[in-house]
Amino acid sequence: MAHIHTKTLTVDPFHPDPAAINQASEVIQVGGLVAFPTETVYGLGANALDSHAVARIFEAKGRPSYNPLIVHIPDKDAARDLVQEWTETAERLADRFWAGALTLVLKKSNRVPDMVTGGGDTVALRVPAHPVAQALLKRAGVPIAAPSANRSNQLSPTLAAHVAQGLTGRIEMILDGGATTGGVESTVLSLVENPPRLLRPGLITPSEIAEVIGAVQVGAEAPVQSKTTPLLSPGMLARHYAPQTPLIIAQGDGAEEVSAFLRQGLRVGWLTFHPQPPQPNLYPTLMPSTAEGYASRLFAELHLLDGIGVDRIVVAETPRGGKWLAIEDRLRRASLPTE
């Protein structure tokens, strides 16, 4: 693809400068691409109603055309025009969790281009809570399709610098609003099944959702379809969210795996819950003990370890269930070998 000049504008994450938002919205309105912070990770946005603009997202990311995009909207009222039916279940979930890190999958209306949905008949919708994302949506006046602002299958970006590493020269603008707080992508819930089914875990848990709508299907993830069949949701590719460095999930704290790699003369990054004494070739990171804290740092730490060029990354076993479900999912996909 042709090289594009990428402009970065620094914005206050709580009170974004209207002039910067105006510039970014103008890029969106003319079919350009803008990376912007959300409360989960940075998204790569285009006008969701413009097929040509959406196609540029797939080109910039190197994303498979059958992998659908999440459409970001400013409020639940904006969802109604994009779906065939705004259900009572959707209404209850939106009232409880929007704006926030929950994505709802419903049957799409004809307004949504097939390019957005990977050719499928459903659309994934989310109302982001981040002030920069909200300001951009309201000023641009169109729904914004926005997957994570990284090259396909690679680590998700939680800093503007992460975006720049992968997408400089491929997109028009980056809005630098500092570090994102959530650190992992949104929970995705399909409302086209009964009971609704979890398609991608996030920091909004199945039990929290069940408190609002009753039973939720968990653990019955659909197999990844063939490369000619649309996926039901973003985040369902087997290998995803992955560092360049081979990542190993340990049984236990990882000490045995780390020792074995060090004996081989390898440089080892180690995400651990326990302080470690200095050792040659060892780069330990003491991770938070809460799921929210761990999630907020996970991708940033993996970016750092990739950047210093370690040979292996060992990750201590994490707790299971609840909000840790999202972290388990990201680590499992990141640990799979490339095809």
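**Exercise 1.** Locate P37 in this predicted model, and determine whether its side is buried or exposed.

*Solution.* Begin with the secondary structure, where P37 falls in strand β2, which spans residues 34-37. Next take the relative accessible area of P37, which is 0%. Since buried means under 20% relative accessible area, P37 is therefore buried.

**Exercise 2.** Identify which residues P37 touches, leaving out those up to four places away in sequence, and state how far apart P37 and P13 are in space.

*Solution.* With those sequence neighbours set aside, the contacts of P37 are Y42, H130, V132, A133, L175, G177 and T180.

**Exercise 3.** Work out the order of the strands in the open sheet, and explain why one side of β1 and of β10 is left without a neighbour.

*Solution.* The sheet has 10 strands with mixed pairing, in the order β1-β8-β2-β3-β7-β4-β6-β5-β9-β10. Strands β1 (7-10) and β10 (197-200) stand at the edges and each has a single partner strand, so one side of each lacks a neighbour in the sheet. For β1, 4 bridges join it to β8 (residues 173-176), and the two strands run parallel; within this pairing, L9 is opposite L175 of β8.

**Exercise 4.** Describe how helices α6 and α5 are placed relative to the strands.

*Solution.* Helix α6 (residues 160-167) packs on the sheet and touches β2, β3 (42-47) and β8, its direction making about 165° with that of β8. Helix α5 (residues 131-140) lies across β2, β4 (70-72), β7 (144-145) and β8, and runs at about 135° to β2.

Definitions and conventions: Residues numbered from 1 in each chain as written. Predicted model: local features only at pLDDT ≥ 70, side-chain atom pairs only at ≥ 80, totals over all residues. Heavy atoms only, no water. Buried < 20%, exposed > 50% of the residue type's maximum accessible area, 1.4 Å probe, protein only. Contact = heavy atoms within 4.5 Å. Pairing = 2+ DSSP bridges. Axes fitted to C-alpha atoms, helices over the stretch in contact; angles between N-to-C directions.
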